[in-house]
Amino acid sequence: MSVAQYTAIVTGGNTGIGAAIARGLLDEGYDVISLSRRKPDWSHPKLSSREVDLLDATATRQAAADIAASFAITHVVHNAGAIRPKPLEEVDDEDVGALAQLHFGAGIALAQAALPNMKQARFGRIVLLSSRAALGAATRTVYSATKAGIIGMARTWALELAPFGITVNVVAPGPIGDTEMFESVMSPESERAKRLAQSIPLGRLGKSTDVARAVSFFSSPDADFITGQTLYVCGGASIGSISI
């Protein structure tokens, strides 16, 4: 199977890390379907999009089924995420349900829809986006828990799907300064952000393209002996302390 025959679903492909991932795959010759609440404000001849709220389990499953009925999906990149930062005392059941659906449920629905074609082709790539916060971060009870769970989920899928030539890997970004998610927590130009950058071993905030290159690596047909792995793209923050 050639790269020209690859079709990737990228959740949250309209902006930030998701847009960088989508652009990277498009540059390599893939067809890309962005799945997000908003259409991308940029275009490419091989880019299509579907608007769906991934917090809605029913709508997500329907979108996944519709896409799988129209396209032979070879790659699933589940990037979409949300933080909902709160101290433990303020975490509620709605936060738990929402982030479980977004980080687990949506990924499961998309993978299940894509698996029949992947298994038939005996080829597939699933890349899930976790976070350095999976190792723990203040005010991130549900976010950290679900992002850590993504790693366990990927390792399980890797074991189940390896016999079919399908690999499953995780990219776990550290602080990425050019995203809406980061800006929802702090301004990239703030003193707080500058202190954060200084506390990262490599001395800077990450860029969306840093993450996109890691996703492209795991997506490659040449990465066929790598599965169940987690790659932290964090400037060393996963092995040192950072101050948020």
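Author: Let's begin where H3 meets H4: Asp 95, Val 96, Leu 99, Ala 100, His 103, Phe 104, Gly 107, Ile 108, Ala 111, Leu 115 and Lys 119 in H3 are in contact with Val 142, Tyr 143, Thr 146, Lys 147, Gly 149, Ile 150, Met 153, Trp 157 and Leu 161 in H4. Contact here means heavy atoms within 4.5 Å. By class, this contact has 13 nonpolar, four polar and three charged residues, where Ala, Val, Leu, Ile, Met, Phe, Trp, Tyr, Cys and Pro count as nonpolar, Asp, Glu, Lys and Arg as charged, and the others, Gly among them, as polar.

A word on the source: this is a predicted model, in which local features need pLDDT of at least 70 and side-chain atom pairs count only at pLDDT 80 or more, while totals for chains, interfaces and linings use all residues. Residues are numbered from 1 along each chain as its sequence is written, and side-chain values use heavy atoms, leaving out hydrogens and water.

Now the geometry. H3 and H4 pack at an angle of about 20 degrees, with axes 10 Å apart (axes are lines fitted to C-alpha atoms, for helices over the stretch in contact, and angles run from 0 to 180 degrees between N-to-C directions). H3 is therefore roughly parallel to H4, a term for angles under 35 degrees.

On to H2 (residues 57–70): the axes of H2 and H3 come within 9 Å and cross at roughly 25 degrees.

Methods. Helix = DSSP H or I, 4+ residues; strand = E, 2+ residues; numbered from the N terminus. Parallel < 35°, antiparallel > 145°, perpendicular 65-115°, else oblique.
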